[in-house]
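Hi,

Here is the structure I promised to pass on.

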Amino acid sequence: MNKSLSRRAALGLAILVAAVPLAATMRSAVAQDVPLAIKGYDPVAYFADGRPLRGLPEIEYEWDEHRYRFASAKHRDLFKADPVRYAPQFANFCAMSLAHGELVEADPESWLINADKLYIFGKREGPELFRQNLARNVAEANQNRALIRDR
């Protein structure tokens, strides 16, 4: 009986060892189906560090149908506690273009924080153009937010 028990245990262990890589592959495949937010940049870094930082693939969090990456677990935890505060206002899209009724993918290196809100832009001059008539641009971009949902 000892031998059959150890054979059973060995078979169970072999199945478990084989299943671990399969489970990791399945998690990875599922993660790939969820779009990466802001090209993998850490949204909290704009606020906490005053600059854009690339997030790490091993420190991710899913929110609002996107995968966000973070430079540290502390940043991830801050985001999890209040994602609306840290996420860019118009997802992955340029705030200035959206104010003009267009959807243009944003460059996370071109950004602006105003009134504790993060805006990202498609071109380097985006933040300056957006600031020139900030209230109007924010209002118009918000009016055109439906363009993002329709996409």
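This is a predicted model: local features need pLDDT of at least 70, side-chain atom pairs count only at pLDDT 80 or more; totals for chains, interfaces and linings use all residues.

Residues are numbered from 1 along each chain as its sequence is written, and side-chain values use heavy atoms, with hydrogens and water left out.

The protein chain has eight helices and four strands (DSSP runs numbered from the N terminus: H or I of at least four residues for helices, E of at least two for strands). From the N terminus, the order is α-α-β-β-α-α-α-β-β-α-α-α. Of its 151 residues, 34% are buried (under 20% relative accessible area, with exposed meaning over 50% and partly exposed in between; 1.4 Å probe, protein chains only).

The largest pocket holds about 710 Å³ of space. A pocket here is an open set of points on a 1 Å grid over the protein atoms alone, where a 1.4 Å probe fits, with protein on both sides within 12 Å along at least five of seven lines; lining residues have an atom within 4 Å of a point. Points are joined across faces, edges and corners, and the volume is the space filled by probe spheres set on them. There are 27 lining residues, and D64, H66, F90, A91 and I148 are the closest to the centre. Helix α4 (83-86) gives the most to the lining, with three residues, and β2 (66-70) and α8 (146-150) each supply at least two. By type, the lining has 14 nonpolar, three polar and ten charged residues (nonpolar is Ala, Val, Leu, Ile, Met, Phe, Trp, Tyr, Cys and Pro; charged is Asp, Glu, Lys and Arg; polar is the others, Gly among them).

Next, helix α7 (residues 134-143), where N137, V138 and A141 are buried. They sit on the same side of α7 because they cover an arc of only 100° around the axis (taken from the directions from the helix axis to the C-beta atoms). A135 and Q143, on the other side, are exposed.

Finally, most residues other than glycine have a negative phi. I38 has a positive one of about 35°; it lies in the loop between α1 (2-33) and α2 (43-48) and is buried at 2% relative accessibility. E65 also has a positive phi, near 65°, but this residue is exposed, at 69%, in the loop between β1 (56-63) and β2.

Cheers
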